[in-house]
Amino acid sequence: MLKALSILPDKCTGCMQCELACSYEHEGVFNPARSRIRVFHFHDEARYVPYTCTQCAEAWCQTACPVEAIQVNPATGAKEVLDNLCVGCKVCTIACPFGTVNYNQATGKVIKCDLCGGDPACARYCPTGAITYVDADLTAYERMRTWAARTDTQAQATA
Amino acid sequence: MRYLIAGAGPAGVVAAETLRRHDHSATIRLFCGEQEPVYSRMAIPYLLSNKIDERGTWLREPGHFETLAVDLVHQRVETVEPDHHTVVLSDGRRETYDRMLIATGARPVSPPVPGLDQPGVHHCWTLADARAIAARARPGSRVVLMGAGFIGCIILEALVLRGVRLTVLEAEDRMVPRMLDATAGAMLRSWCEAKGVAIHTDTRVQAVEPMGAEALAVHCEQGTVFPADLLVVATGVAPNLDPVRNGSGATLRTGRGLQVDSRQQTSAPDVYAAGDVCEAADWYTGEGAVYAIQPVAVEQGRIAALNMCGRPARYAGALPMNVLDTLGLVTVSFGHWSGVAGGDSVRQSDPEHHRYLRLEFDPQGRLVGAIAVGLPGHVGVLRGLIQSGAPLGPWQARLKQAPGRIAEAYVARVAGGG
Ligand SMILES: Cc1cc2nc3c(=O)[nH]c(=O)nc-3n(C[C@H](O)[C@H](O)[C@H](O)COP(=O)(O)OP(=O)(O)OC[C@H]3O[C@@H](n4cnc5c(N)ncnc54)[C@H](O)[C@@H]3O)c2cc1C
Ligand code: SF4
């Protein structure tokens, strides 16, 4: 069975280990600005919410891409950006309503969560279990999917 | 079941793939009107700037359609005959369908300016156009770009990267008038000018005449004349309605485009339309709109195909969205960025650093449009906030204080975070 990231904001203490781990894993530097997962801090409610790509089934980024540069990794189900094909047009960055595909000016390509090929660094380094990598049918993941449905023109279509 | 798809652009291709996913045994025939591999218009600027070769513009890998058992047929669909469930092809043959999709895209339109039909004048819409432009746009050559709309601005960068001496002529008062407001348009202009591009707004081309053996003289209303080795005309596109001009096809309801309902069905049973060719309801006003952009085309292609194969699906409406990278300055716009009646808005502008964010709210406290210049990341959440229609609640006031908190607002109001 495919696995997915499960995110439980209630367990997050805002330590930012996931952002650092992600940026180090992908970019070789400890720089939260280069992370593909982001922890939002809601001061008003004293709450932290880690947030990244949900690898949606009908991915807007993937269908919008003019050159097939976003493809599914069959082993993980992750939608991955193939750097050799990406022309940097950025249409995926506006097509994704979750804002989880971002342009990297340095490379002229886009970056997004790729589940680290099946061993996501964010989950590995999260000390509290707020981010875990679990079987895809667990309820937390389903809840993320429901968020997706709320924005959706496409999810409605599969209903 | 026998499906025909007229047009092998992004809308037609996504439709063919969606049909196959849900109907393993159907006959699916995809008609490609250009004698080219199935390619992507959007990739043309990157071909011109030599970032990719022609193969890099292909929409799908070779062999893809064979694998899917989709018959790719290099023929134009000349006429759709809904009363007989048939189409007439360019070789004169007739084919029948159970359901068909018209995805013939748009075609460039030229203003009524004398002299646009001579050598050295090109649109930038097809691979053939791109080859012709590449042949003339050489380092140092004088290129005039007529029209600084969305497509014009996309190829602007490619032309500069080719090393040409570029002059841009725009009839309206600013660059990309349908995507950017005056503030953002001015930022883009000063950015381009700083990079050595000559931009003339409020400038209409009156006539184009030959000049010597190879060159052109581009005459403007003010009396100015621009010499050019190449004139690129990017003055807009219009739905390509050729297949529904004759016979019973002409009974299909059209406005500015082929009109469809929320299931992407035309006024005839079993005939659907998707992409640049069709006029679909705007997501907010419900009025018919032709936005001619890739994300809308592929989403409509998918919705049309689902309905064609008996899986009822509704399109939530077309949402305009554009992103432009002009020599390093990234601009985006979404939805009704000029605002709606009774709404509210916030603007944060830093012209010196070419940064700008404008958010528009409707009277119900929802985000309905946005423009951003030089925004660092997570721009997609603007779409999420707009299209989810989520009431912003306390976040409207927070965004008015600090518009840059859009990603937080999204996570809080849509993603169930805050
Ligand atoms: C240079 C350039 C840059 C662009 N950049 C962007 C961008 O950055 N972002 C964005 O959102 N959009 C962009 N666009 C627009 C985008 O390419 C279109 O919105 C998109 O291609 C629409 O897809 P479509 O399938 O509806 O139509 P098309 O891609 O036009 O495909 C229609 C196909 O149908 C074929 N056809 C036409 N008539 C017939 C017939 N009678 N029979 C059979 N086949 C027929 C055509 O030859 C064509 O292959 C760009 C366009 C150009 C030209
Ligand atoms: S930026 Fe790259 S991955 Fe994204 S749509 Fe364009 S080509 Fe595809």
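**Reading the ligand shell and the cores**

Modeller: A backbone N or O atom of B:Ala11 lies 2.9 Å from an oxygen atom of ligand 1, a polar contact (N or O atoms within 3.5 Å). This is a predicted model, in which local features need pLDDT of at least 70, side-chain atom pairs count only at pLDDT 80 or more, and totals for chains, interfaces and linings use all residues; side-chain values use heavy atoms, with hydrogens and water left out. Residues are numbered from 1 along each chain as its sequence is written, while chains are lettered from A and ligands numbered from 1 in the order in which they are written.

Colleague: Which residues touch the most other members of the largest nonpolar core?

Modeller: In soluble globular proteins, nonpolar side chains tend to be buried together. A nonpolar core joins buried Ala, Val, Leu, Ile, Met, Phe, Trp, Tyr and Cys residues through side-chain atoms within 4.5 Å; buried means under 20% relative accessible area. Here the largest has 107 residues, and those touching the most other members include B:Leu156, B:Leu359 and B:Tyr410. Helix H10 of chain B (residues 406-413) gives the most to this core, six residues.

Colleague: Why is helix H8 of chain B described as largely enclosed?

Modeller: A helix is a DSSP run (H or I) of at least four residues. Nine of the nine residues of H8 (residues 380-388) of chain B are buried, so the rest of the structure largely encloses this helix. Just after H8(B), B:Gly389 has a positive phi of about 65 degrees.

Terms used:
Buried < 20%, exposed > 50% of the residue type's maximum accessible area, 1.4 Å probe, protein only. Helix = DSSP H or I, 4+ residues; strand = E, 2+ residues; numbered from the N terminus. Polar contact = N/O pair within 3.5 Å; in protein donor to acceptor, adjacent residues only side chain to side chain.
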